[in-house]
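Have the sequence and the 3D view at hand.

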Amino acid sequence: MMAIFAVCYHLGVAALMDDVEPFNEDIMRSKYSILAAVACGVLVFSSPFSSTATSNTPALVSEKNLSWQIPYKPLDFVQSVDGTRLFVLTESRILIYEPNGTLKGSISVDKGVTAIDTDARGENVFLINSTAKTFTSLSVDFVVEIDTAGSPFMGSADAPVTIAVFTDFE
């Protein structure tokens with residue numbers, strides 16, 4: 001911001017000094033300098049650059065994209081490489097979220113688990129328990145309901161398991 005102020009100040013003084021007669025130059029320079037400084041200050045401090053940014057680097061702009069409340073104290077997190085799952089490790093659970101913040105499920109973990117990682121698709125979660133000095137790998141999968149109403153079937157219509165065979169691919 002100071003660089004913008006300095007450039008604006010010098011441009012303002014130079015532009016105003018073109019119309020000043022040589023014998024009054026010193027007096028007029030101080031008057032116009034103050035006027036230019038005030039005008040530039042108003043422009044700089046009312047610009048979008050002076051908004052509440054979280055960075056001290058002028059070439060960096062940051063913006064909060066998404067935030068949601070986590071019901072437990074978070075210790076660590078990891079996102080699957082494909083971006084479909086976000087795993088948040090808390091003191092007692094792993095919370096599994098979709099990228100939009102929707103909680104998909106949770107898994108209990110032993111006390112002392114302090115670190116988490118995952119494979120590329122988020123199908124396996126790796127845990128480090130620093131208290132017990134253990135490494136644990138968990139397989140993670142979700143049950144998906146498939147609507148078979150109106151589809152041809154064999155056997156009982158209220159069977160607890162449905163096996164779908166897809167054979168007509170063209």
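Q: Why is Trp 68 called partly exposed?
A: This is a predicted model, and in it Trp 68 has a relative accessible area of 26%. Buried means under 20% and exposed means over 50%, so a value in between is called partly exposed.

Q: What makes Tyr 97 count as buried?
A: Its relative accessibility is 3%, and the label applies under 20%.

Q: Why is the pair of Trp 68 and Tyr 97 called tilted?
A: The ring centres are 5.2 Å apart, with 45° between the planes. Trp 68 lies in the loop between helix H2 and strand S1, while Tyr 97 is in strand S3, 29 residues apart.

Q: Why do Phe 126 and Phe 135 count as stacked?
A: Their planes are at 15° and their centres 6.0 Å apart; the stacked label needs planes under 30 degrees apart. Phe 126 is partly exposed at 25%, whereas Phe 135 is exposed at 54%.

Q: How do you know that Glu 123 forms a salt bridge with Arg 121?
A: The closest N and O atoms are 3.6 Å apart, and the limit is 4 Å. The structure holds 1 salt bridge.

Q: What makes S5 and S7 edge strands?
A: The open sheet runs in the order S5-S6-S7, with antiparallel pairing. Strands S5 and S7 each have a single partner strand, so one side of each is left without a neighbour in the sheet.

Conventions:
Residues numbered from 1 in each chain as written. Predicted model: local features only at pLDDT ≥ 70, side-chain atom pairs only at ≥ 80, totals over all residues. Heavy atoms only, no water. Pairing = 2+ DSSP bridges. Helix = DSSP H or I, 4+ residues; strand = E, 2+ residues; numbered from the N terminus. Salt bridge = Lys/Arg side-chain N within 4 Å of Asp/Glu carboxyl O. Phe/Tyr/Trp six-rings, centres within 6.5 Å; stacked < 30°, edge-to-face > 60°. Buried < 20%, exposed > 50% of the residue type's maximum accessible area, 1.4 Å probe, protein only.
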